[in-house]
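Visitor: I would like to go through the terms used for this model and see what stands behind them.

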Amino acid sequence: MALILSRADIQQCLTMAEAIEAMRLAFGALSTGHAQAPQRLVVDLPEQSLALLMPSLLQTSEQRAFGLKVVTIMPQNPQRDLPRIYASVLLLDGTTGKTLAVMEGGWLTAMRTGAVSGLATDLLARKEADVLALFGAGAQAPTQVLAIHTARSLREVRVVNRSDEHYQQLLTSLQELLGAACPAIVRAVSSKQALAQASLVACATVATEPLFSHEEVAPGTHINAIGAFTPEMCEVDAETLVHARIVVDQREAVLAEAGDLLQPLAAGRIGGAESWIELGELVTGAQTGRRTEEEVTVFKSVGIAVQDLAVALRVYKRAREMGVGVEVAI
């Protein structure tokens, strides 16, 4: 029997600390050849819509698992009073091919996207870092804060965004997620104000121009850039990258999609992909993390399917333990 797991089921079965550990497993496996994450397949749908298909394979000490995430992006859906984006994750036993679970993919994606920033922060940020400058207050922002707060106990979060409504929604979400542990949340009027003495930065926008300048970044800052996902998008300015140590989720994926790095690379401002460190190399110890207190580090992520698979596998195991979900014969 397979499980069908809703968003509420997944929320019962996964903490951010567990999601971060799932990312540690996923990127360690990817770095040591125990995982596969092919580039995603894009299918054009009617009405300028898209379907994204993202397969992956993960070999753990306990089992082999295969996953397929399907995301549909439907620009006309708001006119139908439906969400613009739907996501589902299919989890299979990688040895027998048996279907184990079908999961709602929205919350799982938000958690794994936050969790990879949490892992990068754990591996790269200064131990005493406690002030976060957050650019963007959209769907990914709450779990970015949750994950970074899990890795480094935050004292203050300074938010730079345009929408009053999104800012208020962010406040509500963080209160729900963190409760009494929620750090002080303030809205900054400029990037300069947000970055003043901030040792952590999270960028979760769809910007096509840099969100801040190199001169505003304090020595020793760690930056997580997870928003820009096309060659035309850009959140981090080239000068910051020139002076930073660059870590990526996967070189191949970043070279296909990450405008943050592709643009300065094309302009000859930064070194090639061989000079970038993959997150999995930090997990396995093949590369060291922060080298000095003054070093600026940038983690660029475009997201890879093995992240979804690692989290889905953990959720499935916990759901079985808790008796959560609906069993169906598939």
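Predicted model: local features only at pLDDT ≥ 70, side-chain atom pairs only at ≥ 80, totals over all residues.

Guide: Residues are numbered from 1 along each chain as its sequence is written, and side-chain values use heavy atoms, with hydrogens and water left out.

Visitor: Why is Val102 called partly exposed?

Guide: Buried means under 20% relative accessible area, exposed over 50%, and partly exposed in between (1.4 Å probe, protein chains only). Val102 has 30% relative accessibility, so it counts as partly exposed. Its place is in strand 7, residues 99-104; a strand is a DSSP run of E, at least two residues, and a helix a run of H or I, at least four, numbered from the N terminus.

Visitor: What makes helix 4 largely enclosed by the rest of the structure?

Guide: Helix 4 (residues 141-151) is largely enclosed because 10 of its 11 residues are buried. Among them are Pro142, Gln144, Leu146 and His149.

Visitor: Which residues line the second largest pocket?

Guide: Ala22, Leu25, Thr60, Ala310, Leu313, Arg314, Lys317, Arg318 and Glu321 do. Helix 2 (16-31) and helix 11 (305-322) each give two or more residues to this lining, and helix 11 has the largest share, six residues.

Visitor: How is that lining divided by class?

Guide: It has four nonpolar, one polar and four charged residues. Ala, Val, Leu, Ile, Met, Phe, Trp, Tyr, Cys and Pro count as nonpolar, Asp, Glu, Lys and Arg as charged, and the others, Gly among them, as polar.

Technical notes
1 Å grid on protein atoms, 1.4 Å probe; cavity = no way out; pocket = protein on both sides within 12 Å on 5 of 7 lines; lining within 4 Å.
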